[in-house]
Amino acid sequence: MPHDHPDPDRSTDCDTATELISARLDGELVPHERRRLDDHLVRCAECAELATRFEVLDRRLALRTAEPVPDLRPAIFASVRPAVLGRGGWMRPALAWVALVLVVQNAIVLVTGSLGDTEAHLAPR
Ligand SMILES: [Zn+2]
């Protein structure tokens, strides 16, 4: 066995392997680089784990970007209920009643110019 002339592929260190892993994810590996990386990953558990993590991450990112955003608007609109009067909601009808009373009272004065038997200075002329 020629151990004094190591296979050049066997000299691939972890830094180079990391670069090759990255390049492989980008689809930029030429066949001999791929062989070199595979050869390293077989021997180096650390880089093999790194490669697996990168691939999982890359797949997730790829799914994120490639997945079309579903149109949730119909579902959202369907689930939205009309506004419900919450705390203080009772004030709305009360204020509406007050407004109605004020309008009616002033309308009488504005139309007739007097408040019936009330003294004249209370009513506009
Ligand atoms: Zn390694």
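User: Two residues are in contact if their C-beta atoms, placed from the backbone, lie within 7 Å. On that basis, what share of the protein's contacts with a separation of 6 or more joins residues 24 or more positions apart?

Analyst: Such residues account for 41% of those contacts in the protein. The model is predicted: local features need pLDDT of at least 70 and side-chain atom pairs pLDDT 80 or more, whereas totals for chains, interfaces and linings use all residues. Residues are numbered from 1 along each chain as its sequence is written.

User: What makes the pattern α-α-α-α-α the description of this protein?

Analyst: The protein has 5 helices and 0 strands, where helices (H or I, at least four residues) and strands (E, at least two) are DSSP runs numbered from the N terminus. Read along the sequence, the elements therefore give α-α-α-α-α.

User: Why is Cys14 called exposed?

Analyst: Cys14, in helix 1 (residues 14-25), has 12 other C-beta atoms within 10 Å. A residue is exposed at 12 or fewer, buried at 20 or more and partly exposed in between, so Cys14 counts as exposed. Leaving aside residues up to four places away in sequence, Cys14 touches Cys44, Glu46 and Cys47. The C-alpha atoms of Cys14 and Glu46 lie 8.6 Å apart, although 32 residues separate the two in sequence.

User: Which residues make up the largest nonpolar core?

Analyst: It consists of 7 residues: Ala17, Leu20, Ile21, Leu37, Leu41, Cys47 and Ala51. Two or more residues each come from helix 1, helix 2 (31-43) and helix 3 (45-66), and helix 1 gives the most, with 3. Across the 125 residues of the protein, 8% count as buried.

User: How many residues of helix 5 are buried, and what span does the helix reach?

Analyst: The count of buried residues is 0 among its 22, leaving helix 5 hardly covered. Helix 5 (residues 91-112) reaches 31 Å from its first C-alpha to its last, close to the 32 Å expected at 1.5 Å a residue. Just after helix 5, Gly113 takes a positive phi of about 75°.

Terms used. Expected span 1.5 Å × (residues − 1). Core = buried A, V, L, I, M, F, W, Y, C linked by C-beta atoms within 7 Å.
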